[in-house]
Amino acid sequence: MSNILNEDIGIKNNAKIKFTLAQKIQFLCIVYVAIWTISPVLAYGMVYRILAIGCVFLWFILVFMSTKKFKKDIFLSLLYIVFTGTINFLLHDIDGLLRNFQVYIFIFFFIVYLHYSKLGLLHIKPILIPLIGLFTIWNITTLNGYEELGNASRMLSKSFDGANELMNEGIGGFGHIYSQIILVPSVLYLLQKRIYKNIWYNLLFAIYIIVTITLILNAGFSLAIINLILTMFLYFLIKNKNWVNIFKLCSVGFIISIIIYLNFEIIFNFLISLASGTRYQLKVIDIYSSLRGVTSLGTVEVRLERYIRSIKLFFQNPLIGQLSYSELGKHSALIDSFAQYGIFMGLIFMKIVLGTPYKFLKNSVGSKFKLSSVVLVSLIISAGTNNIPAQLGVSLFIIYPLIWNLSTKDNGGLKYDSQ
């Protein structure tokens, strides 16, 4: 085990550190919970869930036994979990807790990041390549499932009775798709900077990018496609730390995405006519068919109504919120958090979701500023227009910080300086 944790994995300026037995156990706990979180085949197994919960508690026990002083944000995160968990259990019984289970796993990975940002991210660096590789495997199985079943992603997002069977076949749904939008520019950055010298690792990164983009485009989630288009648009056009230009690029990219979204039928009919009689005709028709069911104005109207509903509920009781989630719009993690729990808990949750990428953005220069910008913009869109899946915790608090820090000379990790 020691050899695995201390091995030289070919990273520039790599350093070796020694792990205590407790640190090795903590690392293994994180590995299992991360693998369980991103693996569709493990999602519905009760034994796998119990093991994951057990690993979370064991990790916390070992950390509390070995740490004398904790960051303020760790206490705020635990306060959010205890407060919201208690409220939801009192008002909605066990269903209230289960409804927020994904969010609590997401917050667990935030706490993991806070802990290791103090120790140095070298402690969890060995997990990076396996996670990207595992995401690639599940992306391939998911893409194959979508091609065979067509609307598998939509069926999984609605948690229908056959979801268990689909996920046992390695087919991911809503959370699997949305959690990887920020990983596309992150892994692309890792590949472009050649931080890893190993050719096989770089080949893995290239395969991951191609497969993931293909998966998102074929999954049938229109907001995910808009988010990806805007993210990549900004990634290739942002050149320096100029906030005015970035605002202009965001505005132009958003407008272009909305124009494409609202004129979907016209654009694809034009593309089909261009591809007529060529080998690309069937492919364009396949893409058109897979996206056709999710681009109606009715979907936009329903979402807007739900966002507005949650905003109104927040202003009705801004201090403590509605407490019950029954009347919420249930389509925006950030807005719903303010509406249900009030201003204080809403701000804590917003800091949990956006605090880390914003911290990276403030400390970024050169090409890293480009990466930090697109991740933050993508995250605001995802958390502002959808619920937050547990898988996003792995992407945002494990993979992205590791990639960001691997291009830092000291390799020790950005210090999250909240006291």
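1. Surface method. Accessible areas come from the Shrake-Rupley method with a 1.4 Å probe, and for residues only the protein chains shown count as cover. On that basis the protein chain has an accessible surface of about 19600 Å². Carbon and sulfur atoms hold 67% of that surface.

2. Ground rules. This is a predicted model, in which local features need pLDDT of at least 70 and side-chain atom pairs count only at pLDDT 80 or more, while totals for chains, interfaces and linings use all residues. Residues are numbered from 1 along each chain as its sequence is written, and side-chain values use heavy atoms, with hydrogens and water left out.

3. Overall fold. The protein chain has 19 helices and 0 strands. Both are DSSP runs, numbered from the N terminus: helices are H or I with at least four residues, strands are E with at least two. Of the 419 residues, 53% count as buried. Buried means under 20% relative accessible area, exposed means over 50%, and partly exposed lies in between (1.4 Å probe, protein chains only). Residues 24 or more positions apart account for 75% of them.

4. Salt bridges. How many salt bridges does a search of the whole structure find? The search finds 2. The criterion is a side-chain nitrogen of Lys or Arg within 4 Å of a carboxyl oxygen of Asp or Glu.

5. D73 and K351. These two residues form a salt bridge, with the closest N and O atoms 3.1 Å apart. The pair links distant parts of the chain: D73 sits in helix 4 (residues 72-99), K351 sits in helix 17 (residues 333-362), and 278 residues separate them. D73 is buried at 2% relative accessible area. K351 is partly exposed, at 34%.

6. R309 and E305. Here the closest N and O atoms of the salt bridge are 3.0 Å apart. Why are R309 and E305 separated by about one helical turn? Because they are 4 residues apart in helix 16 (residues 297-316). R309 is partly exposed, with a relative accessible area of 28%. E305 is also partly exposed, at 40%.

7. Helix 4. L76 is found in helix 4 and is partly exposed, with a relative accessible area of 26%. L76 and F349 are 273 residues apart in sequence, yet their C-alpha atoms are 9.1 Å apart in space. L98 is also placed in helix 4. L98 is exposed, at 53% relative accessible area. L98 belongs to a nonpolar surface patch with F89, L90, L91 and I94, and together they have about 520 Å² of accessible area. Patches are made of residues with over 30% relative accessible area and no salt bridge; like charges are joined within 9 Å, and nonpolar side chains (Val, Leu, Ile, Met, Phe, Trp, Tyr) within 5 Å.

8. Negative patch. Which residues form a negative surface patch? E147, E148, E165 and E169 do. Asp and Glu count as negative and Lys and Arg as positive, with His and the chain ends not counted. The place of a charge is taken as NZ of Lys, CZ of Arg, CG of Asp or CD of Glu. E165 lies in helix 8 (residues 163-168). E165 is exposed, with a relative accessible area of 55%.

9. Backbone points to check by eye. R194 has phi near 50°, a positive value in a residue other than glycine. R194 is placed in the loop between helix 10 (183-192) and helix 11 (199-218). R194 is partly exposed, at 45% relative accessibility. K330 also has a positive phi, near 60°, and is likewise a residue other than glycine. K330 lies in the loop between helix 16 and helix 17. The relative accessible area of K330 is 26%, which means partly exposed.

10. T214. This residue is found in helix 11. T214 is partly exposed, with a relative accessible area of 29%. T214 and I140 are 74 residues apart in sequence and 9.7 Å apart in space, C-alpha to C-alpha.

11. T385. Buried or exposed? T385 is buried, at 18% relative accessible area. T385 is found in helix 18 (residues 367-385). Leaving out residues up to four places away in sequence, T385 touches L223, R303, Y307, H331 and S332.

Key. Contact = heavy atoms within 4.5 Å.
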